[in-house]
Amino acid sequence: MKAQRSFARWLVAASVYILVATPIWWVVSRPHIEAGTVPATGAAPRAAPVLDQKGVLTLAKVAVRSARLSDQAVSEVVPPVRLGIPALGVDASIVPVGVEPHGGMEVPEDVRTAGWYRFGPLPGAQGSAMVIGHVDSRVQGPGVFFGLSKLRLGERIGVQLADGPTQYFVAVARRFFAKDELPQDLFARDGPPRLTLVTCGGGFDERARSYTHNVIVYAVPETEA
């Protein structure tokens with residue numbers, strides 16, 4: 001009986017230790033996602049409210065552009081074809097991607113291939129050039145961006161264009177966003193050039209069969225870093 005009581009006390013103590021130590025270990029050991037300063041997009045500030053002659057509050061007139069994909073101009077320049085991130089051992093093909101029928105971003109079926117958002121700028125041009133990729137796959141294994149959440153700031157990223165030249169970027173920031181809270185500046189078509197690498201992260205929702213968050217790495221041209 002005494003042995004049973006001792007074992008029960010040990011079992012309770014071990015359970016308490018696991019419940020306390022596990023969250024602490026997770027917090028200490030997880031990669032630090034929030035790092036660096038996100039480069040500006042150069043987007044125009046919001047129009048300030050003004051008063052008309054009758055004292056009525058109005059908004060200054062601003063230019064309006066269509067948000068429909070059918071009205072967006074697809075980049076007609078030479079597309080990127082290869083992505084290199086030496087620090088992560090990445091040397092992968094890039095293919096153009098768009099938007100799926102349900103509105104989500106297309107991602108290459110091959111998890112070892114990255115996708116360039118073809119409705120956005122070319123890497124190195126004005127605006128935010130987006131490259132998206134899988135973190136992993138139950139069937140195919142680790143994806144092209146498997147280690148993206150651990151990429152250190154200052155690491156070099158190379159994007160080769162189809163006609164030969166390679167644009168080089170330097171990672172300057174890393175952020176963690178919920179799936180439904182992606183920042184709109186990822187799709188900026190003007191402002192200083194920057195490269196954004198996007199993949200899945202956070203916990204895995206077994207019911208939805210997808211990750212709960214996205215990891216985004218921001219990079220700027222090497223000459224500006």
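**Salt bridges in a predicted model**

Trainee: Is Arg152 buried or exposed?

Mentor: Arg152 counts as exposed, at 58% relative accessibility. Buried means under 20% relative accessible area, exposed over 50%, and partly exposed in between, with a 1.4 Å probe and protein chains only.

Trainee: Where do these values come from?

Mentor: This is a predicted model, where local features need pLDDT of at least 70 and side-chain atom pairs count only at pLDDT 80 or more, while totals for chains, interfaces and linings use all residues. Residues are numbered from 1 along each chain as its sequence is written, and side-chain values use heavy atoms, with hydrogens and water left out.

Trainee: Which residue does Arg152 form a salt bridge with?

Mentor: Glu155, with the closest N and O atoms 2.9 Å apart. A salt bridge here is a side-chain nitrogen of Lys or Arg within 4 Å of a carboxyl oxygen of Asp or Glu. Glu155 counts as buried, at 18% relative accessibility.

Trainee: How many salt bridges are in the whole structure?

Mentor: A search finds five. One of them joins Arg156 and Glu222, whose closest N and O atoms are 2.8 Å apart.

Trainee: Where do Arg156 and Glu222 sit in the chain?

Mentor: Arg156 is in strand S10 (residues 156–161), and Glu222 is in the segment after strand S13 (210–221). They are 66 residues apart, so the pair links distant parts of the chain. Strands are DSSP runs (E, at least two residues), numbered from the N terminus.

Trainee: New topic. What about Arg82 and Asp91?

Mentor: Their side chains meet in a salt bridge, at 2.9 Å from N to O. Arg82 is partly exposed at 31% relative accessibility, whereas Asp91 is exposed at 55%.

Key
Helix = DSSP H or I, 4+ residues; strand = E, 2+ residues; numbered from the N terminus.
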